[in-house]
Amino acid sequence: MSANPTNGPGGITRRNFLTTVGAGAIGAAVSENALAAGKEVAPPQVTPAGRSVEVALRVNGRTHVVQAETRWTLLHVLREVIGLTGAKPGCERGECGACTVLIDGIPRYACLTLAVEVQGHDVTTLEGLMDGEKLGTVQAAFVEADAFQCGYCTPGQVMAVEGLLRANPNPSVEEIRRGVSGNLCRCGAYQHIFKAAHRAAELKAGK
Amino acid sequence: MADESKDIYYVEGTPIPETPLPGKEPPPWRETSVVGKALPRVDAYERVSGSAAYPSDVHLPNMLHGAILRCPHPHARIRRIDASAAAKLPGVRMIISGNTPEADLIWKKDPVGDMRLFEPICRFEGDVVAAVAAETPYQAWDAAHAISVDYEVLPFVADERQALKPGVPVVHPKGNVSKTDRYERGDIAQGFAAADVVLEESYRTECELHTPLEPHGCVANWDGRSLTIWESSQGVYAVQSRVAEVLKLPLARVRVIGHYMGGGFGSKLEPGKYTIIAALMAKLSGRPVRLFLTREETYLCVGNRPPTNMTVKAGVKRDGTLTALEFSVLGTGGAYTAGGTSLADWLARDLYTCPNVRTISTDVFINAGPARAFRAPGHPQGAWALEQMMDTLAEAIGMDPVQLRLKNIPSVSQAREGNPPYTSTAFKECLELGAAAFGWEKARGEARAQRASRHIRRGVGMAGGLWFAGGGRPPSTVVVKLFPDGSANLNMGASDLGTGTKTVMAMVIAEELGIKPEAVQIECADTGTTQYATPSGGSKTVPTEAPAVRNAAVQVKQKLLEMAAEALKVDAAELVYRGRDIASRQDSSKRIAVKDLEALKRQGIVVGIGYRGPNPKNMTTHPFAAQFCEVEVNMLTGELKILRFLAAQDSGRVMNRLTYGNQVIGGITMGIGLAATEQRILDTGRTGKMVNRNWHDYKLPTALDVPVDVTVLPVEPVDTAANNTGAKGLGEPATIPTAAAIANAVYHATGLRITCTPIHPQQLVQRLADRPKEG
Amino acid sequence: MLPSFDYIRPKSVQAAITHLATGSAQAHAGGTDLMGCLRERIFPVGKVVSLSGLPELRGVSETADGGLRIGALTALSALSEHPIVIKRFGGLAQAAGEVGSPQLRNQGTLGGNICQKPRCWYYRTDFTCLRKGGGTCFAVDGENQFHCIFGGGGTCFIVHPSDTAPALVALNATARLAGPRGSRDVPLEKFFVLPEVDVQRETVLARGEIVTEIRIPPPVSGTRSSYRKVRARRSWDFALAGVAMALRFDRKRVIDGRVVLSGAAPIPWRSKEVEQIVRGKELTVDVIAAAAKAVTSGAEPLEKNGYKLALFQGMIEEELTLMAASA
Ligand SMILES: Cc1cc2nc3c(=O)[nH]c(=O)nc-3n(C[C@H](O)[C@H](O)[C@H](O)COP(=O)(O)OP(=O)(O)OC[C@H]3O[C@@H](n4cnc5c(N)ncnc54)[C@H](O)[C@@H]3O)c2cc1C
Ligand code: FES
Ligand code: FES
């Protein structure tokens, strides 16, 4: 009766969640512009404080052109403008890791990253690890190892492990611990997170 | 796609518990088929895919963002607030403060007097002064920073150890004593006289902050006269009642939703002033308001584990019999009445057999944020003192620390009126089995043997504990609905804090109905649509809710049996529910599939209502624990490394082996924080302000601070008296002995008794340097 | 929440310098430190000048003489994982690998690391302290457990937060600065400013000046470098005490070298006392004990940081013993 690691227990799907009232942002400020993909929309002149600037962000393979103030962080834009709430705010000062995303495949804190700084780079969020309704490998390993409690640090932990495994597909326990040492878990599920990372490495290797 | 509608029942022929006659409580389970297994969570997908909507993810159309301006002084009178400049900033839609007539509300009744929402005198750094709602969170913060406030800064007291000295500023006019409690049994003087060894030692634990990963906050929205709040909360009904009380609304017009929440540990058992402020700003602006605290704010005003200053005096005979225990504690709940010493003395009263006990607790006010319950209030602190004292006593009489504890195990709660027996206690087994599985004696010996040579020394230590509550109690009401295809829905008011509550409840229903846990859909934590529940916490959620859920599932079966009896034209008592179908015990040809029950099809669903029954009379239910650890100390630098842990836990029946293990490792992580890294630091001398209000300066254990090697050993006594599931609580007991076990191991490694938390290099290297040189 | 600021991402070093020379402009490299300063509104920032449009400031390469050139924008993780750095400048790789957390190392740059602002909690929170232009240092008689034991000079008692700076000083590195008046080379040892010189600055950078690269001379054969850091928790934490060493050995004898402390003083602090004791000697138990004792000579602990004496002594003993064992 163990859960199917790739399908979520009982095949519960993402759709069920849409019954939750109004979760996620509305994409009013978002427009898609395939042509802008990869193109530098960086301000060559000074963008004055308080003024919004057009920023093209490539997130999970899609380009979003958004109006953003220069001070808006990537975390803010992902959550409040684009509507991807996987990355979580925990401290907004680089001290918890709940906001971890991959930028060009490397884990970074979205809260310490200005949105304007990310143009021309690839951002991957938790949502980007999904294959349609199917969980990504690391996510599936987290389910199997019960690598979370409240789940609020989990998106960041998953992204840290994803980043680790992309750089080092077969990490030792010590490398795993170091790899997630930029992600707090107040619920304290660390040992299960270590197991999940190990399991994810196995799954990725087809074991 | 697989046809999941055919996949509702688990294994064919798996025994399903007997259905009691209507009106009868089901007897405790014996063997179980689902309960106790290691199953992934029913909401795991939502939590790892990002689809779980935490309250801080809720984004309503046209929503404003709030920010709160807080008092920067530990004690100050507000003379004047000028928000005129702030009001002119872009995006600002609403500013409220003590000047706003609608905001003149009583927030809480306190024995020292009513607390207003906006107090004219701020008695702790971080009390609210004004609040803003604006189009973006950035604009809200710009405006909050632009409000100018004229404060009359008042003298303060920020150290509870100074609070009762003459001439110290008072927090409230009636003085700085909040509460004094005394407890006494037997004759303490006689007890000490009868002892062969009497020892006395003082201990201190520092103030800890809960800091769950999701900050405190909510989204508030009005539909005309009705208010809906999405709050990151441990108990939606607790939020509902306080909000209704403060805003003077009927309960029915306040709906609180908290499907997911990012951790609480006690700090989200109640709403905050921010909840009321968000609701008010939403009302006044006519727009939804999201108001989440910044991380820095959460350090100041949403609770803490109070610091404790404890003294233990203990008498013991050479054979290990405890003769007397005297325990005193000075603590503080901060600037208001908040249980600054609650339960710190409970272990001294109740953990070990001792005829003569006296405890004194003095709770004082200081100008600091009020405390809130924090995972096992009082207990890890009490264990820090008592369990170190037990270690010291054992050494003094030349006895093994485990043996000394085994010598003094009670079967009744001595601290309770009438000495009620425990419904079960496996404290003895926790100690014995734990020591065996850990390899206690061998590890102690080996650590000693390799000691002399190197500057890295090993030590092995252990400690025990019990939790004051953890048996659960009424009230709880839940509803189980069975659909005609056999799948079910559970409607329950309780929140799942990440402890796995939902999963356990799905497993209880699965056990009774013979269906798979994933065939159970759960609706929880919503005062608008789910049944009443007390907040989740105190290790009482599973023992409270699981029996009610079981009762509801049983009622569903009773109703199905009646339907089948009618269909088969036999007496219901003759029938047995087998999951997929219902059959006669006498004549197995008389059977009918659940999905063929005409009455069920007609009705659409069968509803079972379950209540949490009363606890047994004259007995008391508690979980127990014994934890063992091995550490390494760098004698040159004072660095402490925790190498391994073993936790032997008696929480009654294991409901889900996977989430059980998770709770325990989480408890140990938190205990490591208390022991080694966490400490609120107030600038007590000059400003009284908190200097480490962030996760860098206030240090939670990271992945590199916990051992990889943690073994969780459930010890499962059969408890048929506690409740109909046999489960006792787990969350709190898992963290109670941890810090003390570490301190004992550090003593074993170094010969230094560290009586104050945290055992960080700063403290340890100094103590190592101060010790007389070894000969 | 961050306050608002003008923002520019210039395409040339020259343009960056021009922008930085005006108003209250601040350079943004990885931003890991700057964002925190902005959030706490520690100093006014009218304009953020992003250096991320200057790829020429990125990367590690060997110079013709066998030394190392490190672009100021090189990420710390790139540095700590760089094979040449690991092999020939081990102390620097270790130091870069001990900074903050993996994410911070991925994002934080070497230039930002040596130019970062202090971590004194009074400075970082809403206290108007000396360094922020106020009239008083709150640490001197306050919560000073993490403050300095050397170099406070009776004014401001910060410790320099950087892990890489002591390693760079030990390796005798030089910073190349570019500013409105052209470029100049400053030895890292001369790059940092004591509070008694200027309580509001941590480096010699003039207005508009940036660090463009760091150069490390080729290590003389027999040199061994290391960095050891003790902290209150094992990740994500600054040094309570740290030591970078670059010692040149002739078999078991130390010929010369540098010993530089972190967590000790407002600047990376060379312990000339330790250097002098080990110079010309074999690292025997007695030499090590003398060096350990010497590391804190002249230290002036505050009320709550006295433990640093024992800690530095213990750490020096441990590190020198390790060095001796590998000699
Ligand atoms: C939680 C946390 C923990 C940390 N732990 C550590 C630690 O353990 N050890 C440690 O050493 N650091 C630590 N840091 C500090 C910081 O992250 C690193 O020092 C990082 O290397 C800074 O680099 P950056 O590129 O992100 O700097 P930025 O934030 O971009 O810049 C920092 C400062 O330097 C200036 N600056 C940047 N580049 C240049 C340049 N080329 N020329 C002139 N001025 C420049 C900026 O104007 C700014 O004032 C920590 C930070 C955080 C948030
Ligand atoms: S929210 Fe980014 S690190 Fe905490
Ligand atoms: S699961 Fe709750 S913080 Fe990690």
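This is a predicted model: local features need pLDDT of at least 70, side-chain atom pairs count only at pLDDT 80 or more; totals for chains, interfaces and linings use all residues.
**Stop 1: chain B against chain A**

Start by colouring the two chains separately. Then select the residues that touch across the boundary: 75 residues of chain B are in contact with 64 residues of chain A. Show them as surface if you like; together the two chains bury about 5,800 Å² here, and 61% of that area lies on carbon and sulfur atoms.

**Stop 2: the charged and polar links**

Seven salt bridges turn up across the interface of chain B and chain A. For one to zoom in on, pick B:E678 and A:R186, whose side chains form a salt bridge with an N to O distance of 2.8 Å. Polar contacts are also there to look for: 31 residue pairs between chain B and chain A make them, counting pairs with both residues at pLDDT 80 or more.

**Stop 3: the helices on the chain B side**

Now go to cartoon view and hide chain A. Which elements of chain B give two or more residues to the side that touches chain A? Select helix 1 (44–49), helix 3 (137–146), helix 7 (295–301) and helix 16 (657–677) of chain B. Colour the chain B side by residue class and you get 38 nonpolar, 23 polar and 14 charged residues.

**Stop 4: the domains of chain B**

Stay on chain B and give each assigned domain a colour: domain 1 is 8–37 + 472–611, domain 2 is 56–154 + 211–300, and domain 3 is 308–470 + 619–770. Next, hide domain 2. The C-alpha centres of domain 1 and domain 3 of chain B are 39 Å apart. Where these two domains of chain B touch, select 27 residues from domain 1 and 22 residues from domain 3.

**Stop 5: between domains 1 and 3**

The buried area between domain 1 and domain 3 of chain B is about 1,600 Å², with carbon and sulfur atoms giving 55%. How many salt bridges are there between these two domains of chain B? The count is zero, while 11 residue pairs, both members at pLDDT 80 or more, are in polar contact.

On the domain 1 side, select helix 13 (501–513) and helix 14 (541–568) of chain B, each of which supplies at least two residues. Helix 14 of chain B has the largest share, six residues. To finish, colour that side of domain 1 of chain B by class: 12 nonpolar, 11 polar and four charged residues.

Note on methods. Residues are numbered from 1 along each chain as its sequence is written. Chains are lettered from A and ligands numbered from 1 in the order in which they are written. Side-chain values use heavy atoms; hydrogens and water are left out. Contact means heavy atoms within 4.5 Å. Buried area is the accessible area (1.4 Å probe) that two parts lose on being put together, summed over both. A salt bridge is a side-chain nitrogen of Lys or Arg within 4 Å of a carboxyl oxygen of Asp or Glu. A polar contact is a pair of N or O atoms within 3.5 Å; within protein, one must be able to donate a hydrogen and the other to accept it, and residues adjacent in sequence count only if both atoms are side-chain atoms. Helices (H or I, at least four residues) and strands (E, at least two) are DSSP runs, numbered from the N terminus. Ala, Val, Leu, Ile, Met, Phe, Trp, Tyr, Cys and Pro count as nonpolar, Asp, Glu, Lys and Arg as charged, and the others, Gly among them, as polar. Domain bounds come from an automatic or database domain assignment.
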